[in-house]
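This briefing covers one protein chain, from its overall make-up down to a few individual residues. Please keep the sequence and the structure at hand while reading.

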Amino acid sequence: MKKMGLIVTSLVVGLICFGGIQGQAAKLVTVATPYRQSRLQHLYHVKKVAKKKTVSLDIVLKPRQTKTLSQLALAVNTTDSQSFKGYLTPQQFRAKFGQSSATTSRLTRYFRACHLQATAANNGLLIRVKGHVATINKAFAVNLKTARYHGKKIQFSKQAPRLPKQVAQPIRAVVGVTNLMIAKSLTTKSPAQVKHLTAKRSPTKFLKQYHASNLATSGQQGAGQTVGIISFGHVPTAAIKHFWRQAGVPTTGRLETKTTGGATVMDNGDDSDDETALDAEQAGTIAPRAKVRVYTAKFSDIGWLDAFTTAFAENRASSLSLSWGLSENILRDLNRDHLLTPLYGDIMNTLLAQGAIQGISTFVASGDTGAYGQNLSESSAMPGIEADFPADSPWVTATGGSTLPIKKTFAPGISVNVTRERTWGGGIFFKGYHQHPLQFIKHPILLEELTAASGGGISRLYGTPKYQQGVAGVNTYNARKYLTAVGPKSGPKLIHGYRSGRNYPDVVANADPITGYDIYSKNSGWELMGGTSAVAPQFAAMAAVMNSDRSQRMGLWNPQLYALAQTDHSPFTRLDAATNNGNLYYVGQPGKVYNQAAGLGTVNFEKLARSYQQARS
């Protein structure tokens, strides 16, 4: 009966656009996204958006069988499950969890009747809508304006989006009415000067350090695989190919670009090409026979959705890398002020679960400010202990950073001596800072190093996933409060605590810019760079290398990683010391499997490849 009712409703709605602010209020219902101007503070330079300006929105549809969706995402990636490796195609995913073709066709016809461009994604969960502001205002009963807010330019509406009840019924949220998004790429420059690519700073260092050289040279080297890169910057094709030539890997027919849409967030984005160059150069060198496909999007809330939706819809990339993120604190602030739907975290999580169900290995950089987050008013500030989104999602493998052994003097009185690999954290410079603070003022890059560290902590947005439950060290923590309002503290006491949630990172590898990697960019030439953003594409490339020797994709790594970490043949080297091993707050938990500074530790890829199961036993 419900299906019949829906059919009748669709016939009634037909192609008539019911939108319009005047005269239609009684016929319209508010969509779940609660935008209200009255909650905003500190608005200035308020003005209407030009009527002929083009605006893009994402109409997010309600998934079916939400509980089953999460269960399947875990089951197809868990070795003792009957569904292990039973990955779905995008079409199968849509049939099980997305809205029907009849529903999306009905909705796209409706929005086209409103004189908007409308395109449905093949997962049955998203419709992209685009049109002039005047048309958007009428169709959604909004009144788009712009203003300055905490120093950032935003678009917003006093009215919440409204649609006819029959149209709104399958819609979960309208994303893009407001478009403030503050995030940054996770690259960090080194104070060292670089003139050309060297073996000790090339991606081959990663292969050697983590026992991956044999896998990368003796196998299929990623043949038949595609490494996907999610990017909100430009794709410097010439620079990437120049790097590959210097590294001695193929350049022809490997680099691809797919534009996925989204709307630019005014002047709030970081569109440097350095991030994209770093990601593609690392991935393409480690997996020299794989294709590297860069999914570019405008920097906005819908840009994130469009990039992942496109990548999963194509299903071409067996692994994906994302080197961008923002603090959970910012998500809460945006939700509080009705600038972003409170459902955004759940929407992204549903989308990332789709990737896991399709057997795509997604790797996300854990962040470069340690356990600390950003806030709205000052994006570079570190107001408190905050997790990083979307590295905190249970459906991605969060890649953190370490520092390799190094002994070096950077300025008079400023030396470091790291004798063994440890969690990346600015603490290695604290002694020099306390003795010679003026040197850090003279060398701004060194000053940045003081507060740079591998992201890690415990999410307040997502609960503890099943694969982490019961693992020693998960939800308990050791920490030292190194940072104060007046600078780094010397010798803070060790504190202990407990908090439940998704713990991240999952793994770490060299990310400290002082022991980092050479990159080549269009604007800056050769530079020594670091950041956890180097690690995500490295792991995505290793997934492609291992996938090329297997009959099935490796899928979401985490369930097997946490299971293997608790065995006698664990492929991990733990970084669990409680001293000289912190990310500006969290430190190791000696003897425990996991800690929030270094996750499970570093990976021996040869052992991982041998242990990783391909089919249910």
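A residue counts as buried when its relative accessible area is under 20%. By that cut-off, 13 of the 13 residues of helix 17 are buried, so helix 17 is largely enclosed by the rest of the structure. The model is a predicted one.

**Whole chain**
- The protein chain has 617 residues, and 63% of them are buried.
- Its secondary structure consists of 19 helices and 34 strands.
- Of the contacts with a separation of 6 or more, 79% are between residues 24 or more positions apart.
- The chain exposes about 23,300 Å², of which carbon and sulfur atoms supply 50%.

**Helix 17**
- Helix 17 runs over residues 535–547 and has 13 residues.
- From its first C-alpha to its last, helix 17 reaches 18 Å, close to the 18 Å expected at 1.5 Å a residue.

**R422**
- R422 belongs to strand 22, which covers residues 422–423.
- The R422 residue is buried but has no salt bridge.
- A salt bridge needs a side-chain nitrogen of Lys or Arg within 4 Å of a carboxyl oxygen of Asp or Glu, whereas D512, the nearest side chain of opposite charge, is 6.9 Å away from R422.

**V29**
- V29 sits in strand 1, residues 28–30.
- With a relative accessible area of 30%, V29 is partly exposed, because that class lies between the buried limit of 20% and the exposed limit of 50%.
- V29 and L163 are separated by 134 residues in sequence, yet their C-alpha atoms are 5.6 Å apart in space.
- L163 is also one of the contacts of V29 outside four places in sequence, along with P161, R162, P164, K165 and A168.

**S393**
- S393 is found in the loop that links strand 18 (388–389) to strand 19 (397–403).
- Its relative accessibility is 0%, so S393 counts as buried.
- Apart from residues up to four places away in sequence, S393 touches N349, L352, Y462 and R502.

Note on methods
Residues are numbered from 1 along each chain as its sequence is written. This is a predicted model: local features need pLDDT of at least 70, side-chain atom pairs count only at pLDDT 80 or more; totals for chains, interfaces and linings use all residues. Side-chain values use heavy atoms; hydrogens and water are left out. Helices (H or I, at least four residues) and strands (E, at least two) are DSSP runs, numbered from the N terminus. Buried means under 20% relative accessible area, exposed over 50%, partly exposed in between (1.4 Å probe, protein chains only). Lys and Arg count as positive and Asp and Glu as negative; His and the chain ends are not counted. Contact means heavy atoms within 4.5 Å. Accessible areas come from the Shrake-Rupley method with a 1.4 Å probe; for residues, only the protein chains shown count as cover. The expected span of a helix is 1.5 Å times one less than its number of residues.
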